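Visitor: I have a structure open and would like to go through it with you. Can we take it piece by piece?

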Amino acid sequence: MGYDRPVSPEHPVTSPFKRRINPLKPINDDGLPNWQIHNGIDYGCPVGSEVVSASAGHVVAVNYDKLFEKSGDRSFGLFIIVETQNADSKLWFYYCHLDEAFPKPGNSVGVGTILGASGGYYSDPMLLEQRRRRGSSSGSHLHFGIKRFAATEPVGTWIDPLALTNVFL
């Protein structure tokens, strides 16, 4: 199965898959470091950068993260999920903090198909539509995550994209 980078190589990985202090709220309400699991990798890129499919498959979702509707914070904003089948599992490729999304659910995509344009940073916190679209972030980027579903993992498990292949570097 072939994979490709979801953004051009000039856009570096700015935050890997790991445990980190939340960049939007570094201290929790108890005054302690606010640790979180970063469930994907971030590519630093300007708003409007082309985002392409890293895998062949079909689009299962194009939507706004419901976390925003509940809390007004901590969301993926506008996102696309592309599903790819492997021999023993399926993978969901998440493309998050988008400014634009072109495919519709059910569309087939190939490696390199243009999916949309990156967002990830709202210039004015009072512009709720911009914030709703791009989600919560500390700068413009693409958040790219992969969730694996196997017979033993019906709810799915986030996996490090770099563990799947180093093409995502």
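Visitor: Which residue of β12 stands opposite Arg148?
Guide: Thr157 in β12 stands opposite Arg148. Bear in mind that the model is predicted.

Visitor: How many bridges join β11 and β12, and in which sense do they pair?
Guide: The two strands pair in the antiparallel sense, over three bridges. Strand β12 covers residues 157-159.

Visitor: What sits between β11 and β12?
Guide: Six residues, and the two strands form a hairpin around them. Gly156 lies in that turn and has a positive phi of about 85°.

Visitor: Is β11 mostly covered or mostly open?
Guide: Strand β11, residues 141-150, is mostly covered. Eight of its ten residues are buried.

Visitor: Which strand is joined to β11 by eight bridges?
Guide: That is β8, residues 89-101, and it runs antiparallel to β11.

Visitor: Switching topic. How many salt bridges are there?
Guide: The count comes to one. Glu83 forms it with Lys90, and the closest N and O atoms are 3.8 Å apart.

Visitor: Why does a distance of 3.8 Å count?
Guide: It counts because the rule asks for a side-chain nitrogen of Lys or Arg within 4 Å of a carboxyl oxygen of Asp or Glu. In general, side chains of opposite charge can pair when their charged atoms come close.

Visitor: Is Glu83 buried or exposed?
Guide: Glu83 is buried, with a relative accessible area of 10%.

Visitor: Now the whole protein. How many helices and strands?
Guide: There are three helices and twelve strands.

Visitor: What share of the residues is buried?
Guide: Buried residues make up 44% of the 169 residues. The accessible surface of the protein comes to about 8500 Å², and 54% of that belongs to carbon and sulfur atoms.

Visitor: Last one. What part of the contacts comes from residues 24 or more positions apart?
Guide: Such residues account for 62% of the contacts with a separation of 6 or more.

Technical notes:
Residues numbered from 1 in each chain as written. Predicted model: local features only at pLDDT ≥ 70, side-chain atom pairs only at ≥ 80, totals over all residues. Heavy atoms only, no water. Buried < 20%, exposed > 50% of the residue type's maximum accessible area, 1.4 Å probe, protein only. Helix = DSSP H or I, 4+ residues; strand = E, 2+ residues; numbered from the N terminus. Pairing = 2+ DSSP bridges. Contact = heavy atoms within 4.5 Å. Areas by Shrake-Rupley, 256 points an atom, 1.4 Å probe, with all protein chains shown as cover.
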